[in-house]
Amino acid sequence: MSEPTVSRRARRRREVAEELLEAAKPLFAQGERFAEISVARLCEEADISRTTFYVYFDEGKPELLQAWFDDVMEELEGISEAWWKLDGTSRRDDLRSVITEIAGAYHRHADALAAVFEGALFEEPLSSAVDEVLDRNAASLESHLRRGQEQSWVDPSLPARESAQWLIMLLERAQLRIVQGVDPVELQMLIEAQTELLWNMLYLSSGSDRRAA
Amino acid sequence: MPVMEDLLAETTFSDLGVDDLIRQGGISRSRFYVHFEDKGDLLAALAADTVTELIDHTLQWWSLPPGATLKDLVKITDGLVKTYLAHRHLLAAVVQVSTYDARVREVFSTMYEDALVRYADTLAEQQATGLVDPRLDAQRTVLLLSRMTEEGFYHLIGTGSGRDIKRLAGALTVIIWKTVYARARES
């Protein structure tokens with residue numbers, strides 16, 4: 001019975017988080033840092049009352065960062081699912097479309113993610129929450145690699161766990177600074193370079209006939 | 001002034017006062033301010049030497065001599081990790097302070113951008129002599145691998161235990177080898 005109420009609240013919370021983000025973007029564009037923008041100012045720019053702000057984010061600004069982060073990660077979850085489905089029959093194009101989605105999401109949401117990653121350098125529990133999600137993604141990639149090693153489409157000599165940890169550093173944490181603010185042509189080149197790197201690293205050695213793909 | 005590095009192991013940069021620095025360092029306040037505007041200035045000066053050392057060392061990744069193997073690349077990575085760990089508190093402070101101190105950010109982003117150009121040029125020379133696959137996008141590959149390394153040193157190596165660090169360094173080396181050298185040198 002209470003479920004519709006909960007989801008209505010969650011929906012409204014998400015809307016408020018988006019409105020606050022849109023209001024903050026022009027400030028970011030002027031070089032202002034999220035940490036230096038007060039709740040009062042943020043609310044004023046977004047035309048939202050402070051009461052409303054604290055109804056949804058009673059822990060204050062770090063909780064808003066958490067909401068922005070959750071939104072992007074939810075979007076990325078579907079993308080990762082597509083990646084884990086790749087196997088020995090997949091082609092370079094399949095990997096490229098996964099990378100395109102990841103890089104595109106980081107490019108689109110660069111403002112929010114820059115504030116989140118910066119906040120996570122200083123704030124708990126935000127820092128742990130970010131670590132937890134990225135560790136989980138690394139664990140999923142590790143399982144994918146192990147499955148590939150068992151089925152002989154991933155190089156068996158690769159240390160699955162540590163390779164996955166580094167690649168998540170590249171695809172997630174470093175991705176922001178790699179794609180932030182680049183134009184669409186450069187974004188495409190960066191996607192291509194990452195596809196090349198991952199394909200050679202993970203999949204190429206399993207069959208030289210796929211090299212030309 | 002290694003005093004700052006020692007203090008950073010115990011406290012965050014923002015909690016560190018110039019008073020602590022001069023007391024522990026045994027120098028006078030006036031002498032401190034002759035050389036440095038503030039503690040951010042000191043941090044930038046100290047870390048610049050370490051970052052220069054890391055950049056020069058990283059250059060070896062992109063200029064592996066003919067006949068060198070994965071083992072040689074491992075040695076280079078191990079040296080990098082050792083330097084990073086010896087100064088990890090200082091380097092972590094740079095990452096944190098760069099978010100709010102524009103001057104510190106400027107110093108290190110300029111060093112970083114210059115380093116990327118040197119890395120790409122070095123790799124391009126290797127491509128010209130056939131030691132690296134000429135089809136590789138040298139400029140973007142060094143960018144990707146440098147950014148990945150930077151984040152991983154902070155978030156993985158800097159927080160890992162001894163055994164983890166060894167395995168992580170090994171995996172990082174394999175990524176560099178497979179991305180940059182394997183195709184030209186294993187065929």
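Residues are called buried under 20% relative accessible area, exposed over 50% and partly exposed in between, with a 1.4 Å probe and protein chains only. The structure is a predicted model, in which local features need pLDDT of at least 70 and side-chain atom pairs count only at pLDDT 80 or more, while totals for chains, interfaces and linings use all residues. Residues are numbered from 1 along each chain as its sequence is written, chains are lettered from A and ligands numbered from 1 in the order in which they are written, and side-chain values rest on heavy atoms, with hydrogens and water left out.

A:Asp93 counts as partly exposed, at 38% relative accessibility. In chain B, a salt bridge joins B:Glu37 to B:Arg103, with 3.4 Å between the closest N and O atoms. This pair links distant parts of the chain, 66 residues apart, with B:Glu37 in the loop between helix H3 (29-35) and helix H4 (39-59) and B:Arg103 in helix H7 of chain B. B:Glu37 counts as exposed at 59% relative accessibility, whereas B:Arg103 is partly exposed, with a relative accessible area of 31%.

Between the chains, 30 residues of chain B are in contact with 30 residues of chain A, contact meaning heavy atoms within 4.5 Å. The two chains bury about 2,900 Å² between them, 69% of it on carbon and sulfur atoms, where buried area is the accessible area (1.4 Å probe) that two parts lose on being put together, summed over both. On the side of chain B, the most area is lost to chain A by B:Arg140, B:Leu144 and B:Lys178, together 23% of what that side buries. Across this interface the rule finds 5 salt bridges, and the side chains of B:Glu150 and A:Arg177 meet in a salt bridge of 3.1 Å, N to O. Helix H6 (88-100), helix H8 (138-157) and helix H9 (162-185) of chain B each supply at least two residues of the side that touches chain A, and H8(B) gives the most, with 15 residues.

Key:
Salt bridge = Lys/Arg side-chain N within 4 Å of Asp/Glu carboxyl O. Helix = DSSP H or I, 4+ residues; strand = E, 2+ residues; numbered from the N terminus.
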